[in-house]
Amino acid sequence: MTKIERNGRLSAEDWAQAALDQIAEQGVAAVAVEPLARRLGVTKGSFYWHFPSRDALLVAALERWEKVEQEEVFGQLEPIPDPRQRLRALFSVVAHEVKSHIVYSELLKALDHPAVQPVIGRVSDRRLEYLTASFRQVGLSRTDARYRAQLLYAAYVGFLQLNLQLHQTRMQHEEFEAYVEHMMDTLIPSS
């Protein structure tokens with residue numbers, strides 16, 4: 001990562017993004033002030049200008065991930081009026097967000113960390129609520145919509161586990177696209 005400058009100084013957001021990059025590369029435990037300062041090409045003093053502690057930086061990074069994910073994923077789906085098309089767009093967007101998958105997978109590994117657990121809880125609840133509401137909009141009963149949302153979310157987390165944590169061979173592009181299409185055809189009810 002290259003140094004990000006704004007008026008010659010790094011912002012708290014720059015530090016939070018660097019921490020997220022570090023989480024993606026080496027996990028939550030690897031977030032530390034000195035290595036991040038070296039990575040950003042600044043002194044530790046820059047860090048302490050914005051944060052009182054490493055834990056405060058970690059919280060800011062997690063909040064940034066949660067906010068950006070919410071705005072980028074769900075924000076771009078809001079204008080799609082047809083719930084089936086919205087679900088298909090969600091599948092497509094989520095399937096092609098590699099870095100977000102890596103961060104999420106690393107956060108799942110660190111669920112015992114007191115800053116990570118509530119964020120993962122909120123994100124998971126929000127995702128399940130969104131999916132349940134979407135499946136309700138395509139005509140499933142409340143119970144069936146909830147079950148379908150849970151099935152889809154479990155498939156997503158399981159796919160991450162297989163590919164990122166168990167280091168399974170990455171699918172070729174065509175195979176991956178066929179897999180995503182199969183998931184959509186299987187899980188999104190037809191009209």
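## Aromatic pairs

Phe47 is buried, because its relative accessibility is 0% (buried means under 20% relative accessible area, exposed over 50%, partly exposed in between, with a 1.4 Å probe and protein chains only). The model is predicted: local features need pLDDT of at least 70, side-chain atom pairs count only at pLDDT 80 or more, and totals for chains, interfaces and linings use all residues. Residues are numbered from 1 along each chain as its sequence is written, and side-chain values use heavy atoms, with hydrogens and water left out.

A search of the whole structure gives nine aromatic pairs. Rings of Phe, Tyr and Trp (its six-membered ring) pair if their centres lie within 6.5 Å; planes under 30 degrees apart count as stacked, over 60 as edge-to-face and the rest as tilted. Phe47 and Tyr48 form an edge-to-face pair, because their planes stand at 85°, with ring centres 4.8 Å apart. Tyr48 is partly exposed, at 48% relative accessibility. Phe159 and Tyr179 are stacked: their ring centres are 5.0 Å apart and their planes are at 15°. Phe159 belongs to helix 8 (residues 142-165) and Tyr179 to helix 9 (residues 173-187), so this pair ties together parts 20 residues apart in sequence. Helices (H or I, at least four residues) and strands (E, at least two) are DSSP runs, numbered from the N terminus. Tyr179 is partly exposed, at 26% relative accessibility.

## Cluster and charges over rings

One aromatic cluster is made up of Trp15, Phe47, Tyr48 and Phe51.

Arg127 places its charged end over the ring of Tyr104, 4.5 Å from the ring centre. Arg148 lies over the face of Phe135, and here the distance to the ring centre is 6.0 Å. A charge sits over a ring if NZ of Lys or CZ of Arg is within 6 Å of the ring centre and within 35 degrees of the ring normal.

## Salt bridges

There are 11 salt bridges in the structure (a side-chain nitrogen of Lys or Arg within 4 Å of a carboxyl oxygen of Asp or Glu). Glu34 and Lys44 form one of them, at 3.5 Å from N to O. This pair links distant parts of the chain, 10 residues apart: Glu34 is in helix 2 (residues 33-40) and Lys44 in helix 3 (residues 44-50). Glu34 is partly exposed at 45% relative accessibility. Lys44 is partly exposed at 37%.

Arg54 and Asp55 also form a salt bridge, with their closest N and O atoms 3.5 Å apart. Asp55 has a relative accessible area of 44%, so it counts as partly exposed. Arg54 is partly exposed too, at 24%. Lys67 and Glu71 meet in a salt bridge at 3.9 Å, N to O. The two residues are four apart in helix 4 (residues 54-77), so about one helical turn separates them. Glu71 is partly exposed, at 48% relative accessibility. Salt bridges with shared partners join Glu66, Arg122 and Arg126 into one network.

## Helix packing

Helix 4 and helix 5 (residues 83-95) have axes that come within 9 Å and cross at roughly 150°. Helix 4 is therefore roughly antiparallel to helix 5. Axes are lines fitted to C-alpha atoms, for helices over the stretch in contact, and angles run from 0 to 180 degrees between N-to-C directions. Angles under 35 degrees count as roughly parallel, over 145 as roughly antiparallel, 65 to 115 as roughly perpendicular and the rest as oblique.

The crossing of helix 4 and helix 5 is right-handed (left-handed if the near helix is turned anticlockwise from the far one by less than a right angle, right-handed if clockwise).
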